Structure formats: structure tokens, C-alpha cells
Amino acid sequence: MSLNIIVCAKQVPDPEGPPSSFEIDGVERRVIPRGIPPVINPFDENALEAAIRIKESVGAFITLLSLGRSLSRAVILKAVAAGADASLLVEGDPFDPAVLDASSTASLLAAAVQRIGAYDLILCGRQAADTNAGLVGLGLAGILEIPAITLAQKVEVGDGRVRVERVLPDGFEVVEAPMPVLVTVSGELGDLRYPSLQAIKAAKALPQTVLGPDDLGIDPLSLRRLETVALEAPVRERKCRLVEADTPEEAGRKLVSVLREDKVI
Amino acid sequence: MERSGNILVLAEMVENGKAASISIELLGLGRTLADCLGTGLSAVIMGDEASEAGGELARHGAEEVLCLHHPRLKAYHPELYQQAMLGMLRSSPPRVLLAGHTALGQDLLPRLAFSLSCGLVTDCVGARVEGGEVLFTRPVYGGNALATQRVTTAMAMATVRARVGEAPPPSEKAGEVRTLGVDLPDPVRLEVTGRETLEYRECPLEEAPVVVSGGRGMGGEEGFSQLRELASLLGGAVGASRPPVDAGWAPTTCQVGITGKVVAPDLYIAVAISGSTQHLSGMSEAGKIVAINKDPDAYIFKVSDYGVVGDWKQVLPSFTAALREMLKE
């Protein structure tokens, strides 16, 4: 019997974009990405890669689940083509990531998961590259009342159980749980493979379901537990004293005396 | 003492049975919040035996310390720790629960917050009271923006980065330490079946007073042995930006950045690191920052206190040699 895996994937502004591309609207309290494309959150890509590896080893049907205000079909298609079998998109103005918090997002995702039906494994990224909070995966598991394991660098399944290598500050531990289970995946697992052009073409024909604000019967605003009261640019710039010398070797030596004079060392 | 409505610090122990430094720092932050709100400050610590660390917390400002003891709490287990905390939080809910943004805090606090339907702000770099409310600040968008958030539920939870709070000095007048037994679920769903510790650990990165990091410009693994030499001279640890980790020149445990480790040492030396925002948000809270980079336009110079424009292969050996001479004197 093949497994049913759900991979939750959030669309975010490319986190590798330069600082100048993250324009801050302090009044509306939102970040406006300028000139950078949306991408699937890199950790969610790791989660999708984990799902594809399981599919290759024991067989699985992978559903990509994404929630957002407006989702780029090109971005979704590329992710699906990497190895998913279907997608469920929950889309509409109320699902604005700048307005939702982890609690409302997890509740919406839980409702979407119920729509998908039977599942054995839910995979999420360890955190999203925009909020960096790391809450939604554990929240989703809590609402669905299934066990959750965080920070996977390896995910294997067998005998109705999942076996996860969980990243620790100084190594890893092996954690096992009976399915259904939710696992959050860390960057150590590895990058998502690139789909071939042929796969992208074929992915267009895969089943795609789109749900709107009225389909889930949840008012996300009523579920919020956090409110952003201000958003501003971080003050990070410092006045750099450049140590100059005739040769780089001399500059290295001079740096020691400068740091010593200033009692840094 | 009435514990409900207090500021409660969830403390952690390090391997030798002492309280983790971040837990003592949180008592400093918790004291400031408690004084502003006119509430008390308590701490809770879990383990198979946590009395020594509990005593330490009591000397550093906690008015009451609860030690939750059970042999099964010896090492962190998500479900057991969650269960141990839930009973206590339900019977006397604090106003704010503070924990470190550590491996434990990041895993346990979301579980507690969702079990108790309360708001949680993670990865805080600041917390203050304004108009009778606690406001938390945290970096978002890879550190490109700083958000100030408030929790709309009666109980608030937060995980806080290392070195945000200032450790209060020990006092003669210690708070009360109480040991409580706990009921734990049996059986649990998660089972920890193995553990592997990676070698290469001179000094935990987050606690090191000095961090020497290398970037893409190091060009290979060999450069990192020079960084290790410098770090050991300074009693510090070696870090790396993401490219050397991806290339396998440095272990993942070394990665400094918002998706790696967030550090705030007294001194950060960035060698051949150009300064992506992901990296900067992992180290920009350092006391002093020194950059060595051959590109004069590298962004890292904008966020550094001292800089040398030059090839690290030429600058670093003479820097290390001069430092060694200096330390001999």
C-alpha cells in the first residue's frame, strides 16, 4: 500500500534577495518585496525533497498544500513537477501572510488537510524564510492531534512508523513515531531536485484543487493570537575603521595593535 | 507565594548540572518585565535532579524556583516535557513564560502554546513593557525587518535569543526552591532510539566570547584550519557562513545565520565573508565586529567596527602571528 504524504509549502519573497529589495511599509506594517521573485520557502523545498525520497524508496502519493493570498502558478508548477502527484491551493485575500499568524495559519492548514482526507505523513519546513517563527508545523500537529518531530535531516518510513534523524546543536538523535505523524525538515536534508522540462510539462496535467476563503468555513482573523504593532528597518550599520598599511601583512599586524589600543582584545 | 500572573522563566541545565547561562540572562530580562508590571518572578527547571541549578536560579533573582523532578525528564523528550509543564501552567498560569531560543525552547514552547491556545513570539531580540503590555521585538524577512509584536491572549510565551537579557549578579538573599514530583504519560508516542554526537566542538558557538568565521572566499577546507588556530588563541569558536557549509568545508554545526546559529559574542571576526542578510542577522548583535575581505565594497564593512581590505591569505597569518606575540607578553 502506498503512503499518502502531504507537504506544506509557503510562497515567500526570495530570501537570497539583497536587503534593498525588502521595502518596509511601516504604516501598513508589511514588507513589500521589490524586484525579487516569489519562491517556495527553502525549508519547505527540503520537506518536498524528503517526500520524494520516500516516494522513491517505498512508494507514495504526494500532495503539495499551499496557502496564500495569490500563489504563483509557475512557482507551484515547478514544485509539483519535482515529484508531487497533486496540489491543493488555498488562496484568497484573507490568506495574506502579512495578516495571518501561526495560529490562524495552522488552523486553516488543518482544515485543508481534513479536505485532503487520509494521510500518513505531513512534512513541513522547519520555519518559513519570511516570518522565521518555526511555529506552524507544531501547531498543525497539535490541532490534528498527531505526534510531531522537528528538525529532520533524514526521514525514513517502514512498518507503519517514521524514523527521523533530528538535528541537535552538536549532532543528531534518532526519533521514531507511529504514523500518522508530522515532521518538520531542516536544511541538512538536502536541496530539492530540479524538475526536467518534460516533468514540468507533464505536471500541468496533474490534479490541482483550488479552495477559496468560503470553502474552509474559518475566519482566520478570529484565530489570531499575535498582533504586529510596528515594523521597521533594523539599525545595523556601524562606523567601520579601516586599517590601512603598505602591505596586507602589515595591515594584519596593525589590526592587532588597533584592537589592543581600543581594548577589544 | 502566588505564582499565577508572574513572569515565569523556563530554565535549562547544562551537562554539569548548572543552570544554562541563557537561563540566568532570562532572569535579568524577567526581572525588568516583572518590575514594570508589578508582578513576581519565578523559574521552573526540569530534570532527574535539578536542585543545584534551582539553587543557582534562586540566587540570581527568582523569587521561587520549581524543580520538576522525574527520572524520565533526564534528557529532553518533547511529550514528557510538555506534559510536565502543562500541569503546572494550567494550575497557575503565568502572565509571561520566557524560554531561551535554544534547541529545547524552539521545540517545546510551540507545543505548549498550541496546547494552551496562547500566543508565542519566537526568536525575540527584545522585550519591554509599554502601556501595561509586554511588547516583543524579533527579526523577520531574514533580518531585513524588525517586527514588534504583542500577544493577544491572557498568557504570553516567548523564546529569547542568548545575550538579550543581562545576567543579574548572585545575591545573598535567595528565593525559595521547591521540588515537585510530576505525573507523566505512559506510553509516549515519540521514542528516542539513538543519538550521535559530532566531533569538532572546541567551544559551543553560542556561548563563545569570540567567534572567528569564514566565508565563501576561504576557498576550501584548508583555510578553516587557520581560523581554528586563531580561534583557539582567542579562546573562541569557529563559525562559517552558509557557502562553506554547503561546500562541505565546515560542518553544519558551525553555520552562523538566521537558519544556522545566532551568536552574540564580544568579538566577531568575519574572514572572507561578504555579508548576506541571512548571515548578518545571525551575528550583528556581536559586541565588536572585525572584517577581513579583499572586496572593498563588501557589505560586511558597513556593519563592522574594524576592517582590513585585503586577501585573507596574506592578512590572516600576520594577524595571528602578531596576536600570538602580543599574548606572550
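Start with one salt bridge: B:Glu191 pairs with A:Arg161, and their closest N and O atoms are 3.1 Å apart. The criterion is a side-chain nitrogen of Lys or Arg within 4 Å of a carboxyl oxygen of Asp or Glu. By that rule, 6 salt bridges cross the interface of chain A and chain B.

This is a predicted model: local features need pLDDT of at least 70, side-chain atom pairs count only at pLDDT 80 or more, and totals for chains, interfaces and linings use all residues. Residues are numbered from 1 along each chain as its sequence is written, chains are lettered from A and ligands numbered from 1 in the order in which they are written, and side-chain values use heavy atoms, with hydrogens and water left out.

Now the whole interface. 75 residues of chain A are in contact with 79 residues of chain B, contact being heavy atoms within 4.5 Å. The buried area is about 6900 Å², and carbon and sulfur atoms give 57% of that. Buried area here is the accessible area (1.4 Å probe) that two parts lose on being put together, summed over both. Who contributes? A:Arg225, A:Arg236 and A:Arg238 supply 13% of the area that chain A buries against chain B, more than any other three residues.

Next, strands. Strand E14 of chain A, residues 226–232, runs antiparallel to strand E8 of chain B, residues 145–151, with 6 bridges joining them. Strands are DSSP runs of E, at least two residues, numbered from the N terminus. Pairing requires at least two DSSP bridges between two strands. In this pair, A:Glu232 stands opposite B:Leu146.

How values were computed
Helices (H or I, at least four residues) and strands (E, at least two) are DSSP runs, numbered from the N terminus.
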